[in-house]
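Let's take a friendly walk through this model. Have the sequence and the 3D view open as you read.

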Amino acid sequence: MSTDEEIIRKSVNEANIAMSMIREGRINAGVHFWRALVYLDSLKDLRMKRNELIIISNQLFSRMKFYDLSLFAVQSAIELDELLQDPRSLVNDMIDYGNINVNMGNNDLALDNYRRVIDICLGNNDFANAASASTNLGGILASMGKMLEAIPLLNQSIEYLKKAPFPETEINTRLLLINVLYIQKIEPAKVIENAEVLYNLYADKIQKDSKKMVASALESAIERYLLDHPELELQAWKKQKLPMLTYWKSGY
């Protein structure tokens with residue numbers, strides 16, 4: 001009878017064969033990826049099995065766009081998380097499950113999944129992952145054109161992040177919120193506020209493409225904000241905001 005270590009070696013060998021076939025442009029690599037997955041099903045150590053399933057899903061299946069295999073692996077990992085009563089791994093794996101469904105175009109499944117994740121996280125006071133799931137949920141709704149449903153979810157994420165800061169999630173959330181508000185042409189003050197927070201806290205972490213998007217949104221928001229507040233002294237107000245405006249418009 002094979003040991004767990006031997007089973008993992010056999011699984012890795014099948015995965016390596018699949019990768020070689022892909023590099024050579026040969027078909028049927030999926031057969032060897034499937035065999036790699038089947039080997040892992042024989043592992044006796046349940047925690048090791050869960051970890052290996054997530055590794056093969058994230059590092060191979062998802063990266064190579066074998067989403068059906070990735071989904072199968074993550075579903076198996078979720079079952080193990082529940083068996084092992086490991087809520088933190090369960091949440092992480094459910095977020096992966098939602099992301100895979102988004103990649104496969106299964107938006108309804110992803111939406112239901114992220115709502116479940118939020119409920120689980122709030123029950124465990126896991127506000128960082130609740131924020132991530134809420135942002136993902138808002139992002140899907142925005143991609144479906146349901147902008148007004150997305151906005152409260154993104155604002156909700158920011159509230160969760162105040163309790164458990166997580167820079168990457170906050171950056172993604174505020175950038176998405178700026179874009180949604182800009183498209184809807186509402187709440188220019190909120191666009192300006194979110195751009196200022198990103199500028200003040202994460203100026204060295206914003207990607208060039210994101211800067212370009214925010215620059216247009218910010219200029220539009222400023223124009224609308226000034227129209228709504230004629231009492232402001234235009235030049236003085238713009239001078240006050242100039243460092244932030246320069247940053248976003250620079251693209252560097």
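Is aspartate 112 buried, partly exposed or exposed? With a relative accessible area of 46%, aspartate 112 is partly exposed; here buried means under 20% relative accessible area, exposed over 50%, and partly exposed in between, using a 1.4 Å probe and protein chains only.

## About the model

This is a predicted model, in which local features need pLDDT of at least 70 and side-chain atom pairs count only at pLDDT 80 or more, while totals for chains, interfaces and linings use all residues. Residues are numbered from 1 along each chain as its sequence is written, and side-chain values use heavy atoms, leaving out hydrogens and water.

Aspartate 112 has a partner: arginine 115 forms a salt bridge with it, the closest N and O atoms being 3.5 Å apart. A salt bridge here is a side-chain nitrogen of Lys or Arg within 4 Å of a carboxyl oxygen of Asp or Glu. Both residues lie in helix H6 (residues 107–123), 3 residues apart, about one turn of the helix. Helices are DSSP runs (H or I, at least four residues), numbered from the N terminus. Arginine 115 is partly exposed too, at 39% relative accessibility.

Helix H8 (residues 147–163) holds another such pair, with lysine 162 and glutamate 159 again 3 residues apart. Their side chains meet at 3.0 Å, N to O. Lysine 162 is exposed, with a relative accessible area of 57%, whereas glutamate 159 is partly exposed at 42%.

## A buried pair between helices

By the same rule, the count comes to 11 salt bridges. One of them joins arginine 50 and aspartate 93, whose closest N and O atoms are 2.8 Å apart. Arginine 50 sits in helix H3 (residues 46–61) and aspartate 93 in helix H5 (residues 87–103), so this pair ties together parts that are 43 residues apart in sequence. Both arginine 50 and aspartate 93 are buried.

## The nonpolar core

The largest nonpolar core has 79 residues. Such a core is a set of buried Ala, Val, Leu, Ile, Met, Phe, Trp, Tyr and Cys residues joined through side-chain atoms within 4.5 Å. Phe33, Phe61, Ile192, Leu198, Leu218 and Trp248 have the most contacts inside it.

Contact means heavy atoms within 4.5 Å. Leaving aside neighbours within four places in sequence, phenylalanine 33 touches residues including Ala15, Met19, Phe61 and Leu69. Leucine 53, in helix H3, is buried at 4% relative accessibility. With those neighbours again left aside, its contacts are Leu37, Leu40, Ala73, Ser76, Ala77 and Leu80.

## How helices pack

Helix H2 (residues 29–40) and helix H4 (residues 67–84) pack at an angle of about 5°, with their axes 11 Å apart. Axes are lines fitted to C-alpha atoms, for helices over the stretch in contact, and angles run from 0 to 180 degrees between N-to-C directions. H2 and H4 are therefore roughly parallel; angles under 35 degrees count as roughly parallel, over 145 as roughly antiparallel, 65 to 115 as roughly perpendicular and the rest as oblique. Gly30, Phe33, Trp34 and Leu37 of H2 make the contact with Leu69, Phe72 and Ala73 of H4.

Helix H10 (residues 188–202) packs against helix H11 (residues 208–228) at about 135°, with axes 8 Å apart. That makes H10 oblique to H11. Among the residues that meet are Ile192 and Ala195 in H10, and Leu218 and Tyr225 in H11.

Note on methods:
Helices (H or I, at least four residues) and strands (E, at least two) are DSSP runs, numbered from the N terminus.
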